[in-house]
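Here are some notes for a colleague going through this model. Please read them with the structure open.

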Amino acid sequence: MSRVVVLTGGVGGAKLVLGLSRMMPPEDIVAIVNTGDDFVHLGLAISPDIDTLLYTLSGKTNAAQGWGRENESWGFLAALRELGGEDWFALGDGDLALHVLRSDALRRGDALSAIIGGFARAWGIGTTIFPMSDYPVATMVETDEGTLPFQRYFVARRCEPMVKAVRFEGAQAAVPAAGVLEAITDPANRAVLIAPSNPFLSVDPVLAVPGIREALMQTSVPVVAVSPIIGGEAVKGPTAKMMRELGIAVNHRSIADHYRGVIDGLLVDERDAPIDLPVAHAYADTLMQSLDDRIRVARAAIALADALRA
């Protein structure tokens, strides 16, 4: 009863996984990562959420921005601009290595999960990292400007368009990556966590892959989500903005309702006033700015899971 499984995406999710890796052996952690953000840019296969986790766990991440590589150089991007190429998605010189190697391996027929496993081993990462699926799934955002692929909405348009709906192209034809369902349903797990990632853009794509939601509902161990809401807002990203545009109240009850039937507990921030929730919950300081913060939130989430098991 030692392994912890985490559903994660984005910077917030990577922070939680890093905190877990500092409070327990990394080999006892399985991260199931959103790939709805994946896309092809300039002919290269890019997996932003997976790469953010790889950089974070290997100590290579840009600490200030939470994504990309530390001490990155931008010669390629400068040359691209000189030739009139699309520069709205920043590709650093060092960052290109992952994209080029991944693209080449995919063309040879290698599965994304095998490629990511190779990257993790090369960088000495003990945590098991699974993409949610080896099949392509694309997050599409319906907005007042029309349908935008996720990266066009998130990066090119900086989340400015009003969101009307979100859908996941290819999800129904996808299957979970090998090992994903077994990891979630293993009765020897200590807990399954849902990171404080955007529920609509980072977690829902994972839940949209057939079998994953059902596995979470069937697992015999506690499933605990960390709410992304702090003080009635999201710390980073468009979560709160999206909720308002979709007519959803920006509070922990909405998060609990969103995960209804999937989670057994919700970790909420202590800054927020007590609220009646339809699920077991605990309070903690969930703001993750330093490594100590990440460890604190990881401990609090595990403590809630342990209490539910008891």
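**Notes on the predicted model**

1. The model is predicted, and the angle is a computed value like the others below.

2. Look next at helix 5 itself, residues 112–122. Its buried residues are L112, S113, I115, I116, G117, F119 and A120. What do these buried residues pack against? Their partners are helix 2, helix 4 (96–107) and strand 5 (128–131).

3. L42 has a positive phi, near 55°. This leucine lies in the loop between strand 3 (39–41) and strand 4 (44–46). L42 counts as partly exposed, at 43% relative accessibility.

4. R158 is the other residue to check. Its phi is near 55°, a positive value in a residue other than glycine. The loop that holds R158 runs between helix 6 and strand 8 (163–169). Is R158 buried or exposed? R158 is exposed, because its relative accessible area is 66% and the cut-off for exposed is over 50%.

5. The largest nonpolar core has 50 residues. Within this core, I32, I194, I212, L216, I263 and L266 touch the most other members. Which element gives the core its largest share? Helix 8 (residues 199–208) does, with six residues. A second, separate core has 42 residues, including Y55, A105, M288 and A305.

6. Neighbours within four places in sequence are left aside here. Beyond them, L266 is in contact with A225, V226, S227, H252, I255 and A256, among others. The list of contacts for L266 also includes L277, V279, A280, H281, A282 and L304.

7. S254 lies in helix 11 (residues 252–258). S254 is buried, because its relative accessible area is 13% and the cut-off for buried is under 20%. Setting aside neighbours within four places in sequence, S254 contacts M243, I248 and A249.

8. T219 is a buried residue in a loop. The loop runs between helix 9 (212–218) and strand 10 (223–226). The relative accessible area of T219 is 10%, so the residue counts as buried. Which residues does T219 contact, leaving aside neighbours within four places in sequence? They are I184 and T185. A polar atom of the T219 side chain lies 2.9 Å from the backbone oxygen of I184.

9. Last, the open space. The largest pocket has a volume of about 1,200 Å³. Its lining is made up of 49 residues. Which of them are closest to the pocket centre? G10, V11, W67, F154 and K236 are.

10. Helix 1 (10–23), helix 2 (48–58), helix 6 (150–156) and helix 8 each give two or more residues to it. By type, the lining divides into 24 nonpolar, 16 polar and nine charged residues.

Terms used:
Residues numbered from 1 in each chain as written. Predicted model: local features only at pLDDT ≥ 70, side-chain atom pairs only at ≥ 80, totals over all residues. Heavy atoms only, no water. Core = buried A, V, L, I, M, F, W, Y, C linked by side-chain atoms within 4.5 Å. Buried < 20%, exposed > 50% of the residue type's maximum accessible area, 1.4 Å probe, protein only. Helix = DSSP H or I, 4+ residues; strand = E, 2+ residues; numbered from the N terminus. Contact = heavy atoms within 4.5 Å. 1 Å grid on protein atoms, 1.4 Å probe; cavity = no way out; pocket = protein on both sides within 12 Å on 5 of 7 lines; lining within 4 Å. Points joined across faces, edges and corners; volume = space filled by probe spheres on them. Nonpolar A, V, L, I, M, F, W, Y, C, P; charged D, E, K, R; others polar. Polar contact = N/O pair within 3.5 Å; in protein donor to acceptor, adjacent residues only side chain to side chain.
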